[in-house]
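I am opening a notebook on this structure. My entries go from single residues to the whole chain.

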Amino acid sequence: MHRYINPVVSVDMSTKPVAASLCHCKVCRKLTGAPMMATVLLPTEAVKMTVTGGAELLTLATSKHVNRLRCPRCFSPVLATMGDGKKGNERVGVPLALFDAALPKHWLPQHHLWYEQRVLDVDDTLPKKRRGHFSGLYE
């Protein structure tokens, strides 16, 4: 199990991710202030989140099927919920930057997403998908 804890929020993750990605989409860039965001994607039941002290996470709907949650104390991105409401389609995206400890190999990014929206080229051997998970590769 891997855990992120600050005085307000803790996140426990207890399974192998569905995917690990480097996302170059405009929304991820704007929300992080970085050229890309490293995220693991997990089934919703694999993530347990606790908020203490009566605090509520700040929620921002960034698209029809994505809600992003931030810590109310430090404003760090905590996770994003994704899904179309159909059973089995729900996922949670957790930023890898939350974790200070060394991560397991299977959490290392496997590909780039939304590479056509990148602000800088990345010279690595990872597949670069034009858009989301199911899009074609960037040529």
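Predicted model: local features only at pLDDT ≥ 70, side-chain atom pairs only at ≥ 80, totals over all residues.

**Entry 1: Thr59.** I looked up what Thr59 touches. Setting aside residues up to four places away in sequence, I found Asn67, Arg68 and Leu69. Thr59 belongs to strand S6, which covers residues 58-63. Is Thr59 buried or exposed? Exposed means over 50% relative accessible area. Thr59 has 54%, so I list Thr59 as exposed.

**Entry 2: His112.** Next I went to strand S10, residues 111-113, where His112 sits. Here the cut-off for buried is under 20% relative accessible area. His112 has 0%, and therefore counts as buried. Which side chains make polar contacts with that of His112? One is the side chain of His24, at 2.8 Å. Another is the side chain of Asp124, also listed at 2.8 Å. I then took the contacts of His112 beyond four places in sequence. They are Leu22, His24, Val122, Asp124, Leu126, Pro127, Lys128 and Lys129.

**Entry 3: strand S9.** I moved on to S9 and its pairings. S9 (residues 91-95) pairs with S4 (residues 37-43) in the antiparallel sense, over five bridges. On the S9 side, Val92 is the bridge partner of Leu42, and Pro95 is the bridge partner of Thr39. S8, residues 77-82, also runs antiparallel to S9, and three bridges join them. In that pairing, Thr81 has Val92 as its bridge partner in S9. Why is S9 largely enclosed by the rest of the structure? Four of its five residues are buried, so I write S9 down as largely enclosed.

**Entry 4: the core.** I looked for the largest nonpolar core and found 18 residues in it. Met13, Val40, Leu42, Val47, Leu79 and Val94 have the most contacts inside this core. Strand S2 (9-13), S4, S8 and S9 each supply at least two of its residues. I picked out Leu79 and listed its contacts, again leaving out residues up to four places away in sequence. Leu79 touches Val47, Met49, Asn67, Arg68, Leu69, Val92, Gly93, Val94 and Pro95.

**Entry 5: the whole chain.** Last, I stepped back to the chain. How many helices and strands does the chain have? I counted one helix and 10 strands. From the N terminus, the elements run β-β-β-α-β-β-β-β-β-β-β. The chain has 139 residues, and 37% of them are buried. I took the contacts between residues at least 6 apart in sequence; 48% of these join residues at least 24 apart. The accessible surface comes to about 8,200 Å², and carbon and sulfur atoms account for 55% of it.

How values were computed
Residues numbered from 1 in each chain as written. Heavy atoms only, no water. Buried < 20%, exposed > 50% of the residue type's maximum accessible area, 1.4 Å probe, protein only. Polar contact = N/O pair within 3.5 Å; in protein donor to acceptor, adjacent residues only side chain to side chain. Contact = heavy atoms within 4.5 Å. Pairing = 2+ DSSP bridges. Core = buried A, V, L, I, M, F, W, Y, C linked by side-chain atoms within 4.5 Å. Areas by Shrake-Rupley, 256 points an atom, 1.4 Å probe, with all protein chains shown as cover.
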